[in-house]
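Work through the exercises below with the model open. Try each task before reading its solution.

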Amino acid sequence: MIELFDRLAGSYDEVLPFFREFGRQTADRLPLPAPGARLLDVGAGRGAVAHAARDRGYTVTATDAAPGMVDRLAATLDAHLMDAADLRFPDGTFDVVTAGLVIHILDDPASAVREARRVLKPGGLFAFTVPGPNPDGFAMTDRANELFAEFSAYLPPAGSMGVAFDESATLAAAGFTGVAETDLRVELTVPDAETLWRWFQTHGSRKFLDDLPAERRAEFRTRLLDDLNGRDRIVLRRAAWLFTGLA
């Protein structure tokens, strides 16, 4: 996983501003910071949450496990190369910890959640986003997720990345209280089908596509583009779930 995101660092969130938009919405839902409030953004990528949180008034530290991401983050933020499950900060350092669309792709989400609680001050807030089921009344406008579900049958053992976990239960097991969840929604107009295909190759879904046999990857692309090219307008509409808990 680290090698993949290191390789994608130059194109991540460049094709479409997908993660930036979710990052802005995540930061907007954080409490207004007191003077000097410190925020740690874990798995920061290109800084979607970190930059938005800084603009909101937090003193931000960012970490990522991919050197290419950290090199780019360091141009504008206090950035560190670090594993989400092994944060090299003292206990009780931060007022807020965030993790935007990263916990679900880790091999051990529970370890990362425990580390987030360890580095939070008592009463500090942990906020992270993950994909999940569509909210009531919300529908995607493309068939990509149907194709991902169908083609998962062609993945090798341990293909793609991440493991399923119960977000609320994992927060509670780590000692967080006041656990809550809410949905975030993004809708982006896409200029053409090839742009959306390129977008799928610039973030975590690239691992899924790379792990498919070559002929299945070609079939996935053909079927995705056929579906998109048959539409009058191509829109990337996605929902994510924001989970929060207090240390």
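The lining of the largest cavity has eight nonpolar residues, one polar residue and no charged residues. Keep in mind that this is a predicted model.

**Exercise 1. The cavity**

Task: Find how many cavities of 30 Å³ or more there are, and state which residues line the largest cavity.

Solution: 
- Step 1. Count. There is one cavity of 30 Å³ or more.
- Step 2. Take the volume. The largest cavity comes to about 40 Å³.
- Step 3. List the lining. It consists of Val42, Ala84, Val97, Thr98, Ala99, Ile103, Ala112, Ala116 and Phe126.
- Step 4. Assign elements. β4 (94-100) and α5 (109-119) each give two or more residues to this lining. The largest share, three residues, is from β4.
- Step 5. Sort by class. Thr98 is on the lining list. The class count is eight nonpolar, one polar and no charged.

**Exercise 2. The strands**

Task: Describe how β5 pairs with β4 and with β7, and say how far β5 is covered.

Solution: 
- Step 1. Start with β4. β4 and β5 run parallel and are joined by six bridges.
- Step 2. Together, β4, α5 and β5 form a β-α-β unit, and the unit is right-handed.
- Step 3. Turn to β7 (residues 234-246). This strand pairs with β5 in the antiparallel sense, over six bridges. Here alanine 127 has threonine 244 of β7 as its bridge partner.
- Step 4. β5 covers residues 120-130, and eight of its eleven residues are buried. The strand is mostly covered.

**Exercise 3. Tyrosine 154**

Task: Where does tyrosine 154 lie, and is tyrosine 154 buried, partly exposed or exposed?

Solution: 
- Step 1. Tyrosine 154 sits in the loop between α6 (144-151) and α7 (167-173).
- Step 2. Read its relative accessible area, which is 31%.
- Step 3. Apply the cut-offs. Buried means under 20% and exposed means over 50%. Tyrosine 154 is therefore partly exposed, at 31%.
- Step 4. Look for contacts beyond four places in sequence. Tyrosine 154 touches Leu212, Pro213 and Arg216.
- Step 5. Check a C-alpha distance. Tyrosine 154 and arginine 217 are 63 residues apart along the chain, with their C-alpha atoms separated by 9.6 Å.

Methods: Residues are numbered from 1 along each chain as its sequence is written. This is a predicted model: local features need pLDDT of at least 70, side-chain atom pairs count only at pLDDT 80 or more; totals for chains, interfaces and linings use all residues. Side-chain values use heavy atoms; hydrogens and water are left out. On a 1 Å grid over the protein atoms alone, a cavity is a set of points where a 1.4 Å probe fits but cannot get out, and a pocket is an open set with protein on both sides within 12 Å along at least five of seven lines; lining residues have an atom within 4 Å of a point. Grid points are joined across faces, edges and corners, and a volume is the space filled by probe spheres set on the points. Helices (H or I, at least four residues) and strands (E, at least two) are DSSP runs, numbered from the N terminus. Ala, Val, Leu, Ile, Met, Phe, Trp, Tyr, Cys and Pro count as nonpolar, Asp, Glu, Lys and Arg as charged, and the others, Gly among them, as polar. Buried means under 20% relative accessible area, exposed over 50%, partly exposed in between (1.4 Å probe, protein chains only). Contact means heavy atoms within 4.5 Å. Two strands pair if DSSP finds at least two bridges between them. A crossover is right-handed if, with the strands pointing away from the viewer, the path from the first strand over the helix to the second runs clockwise.
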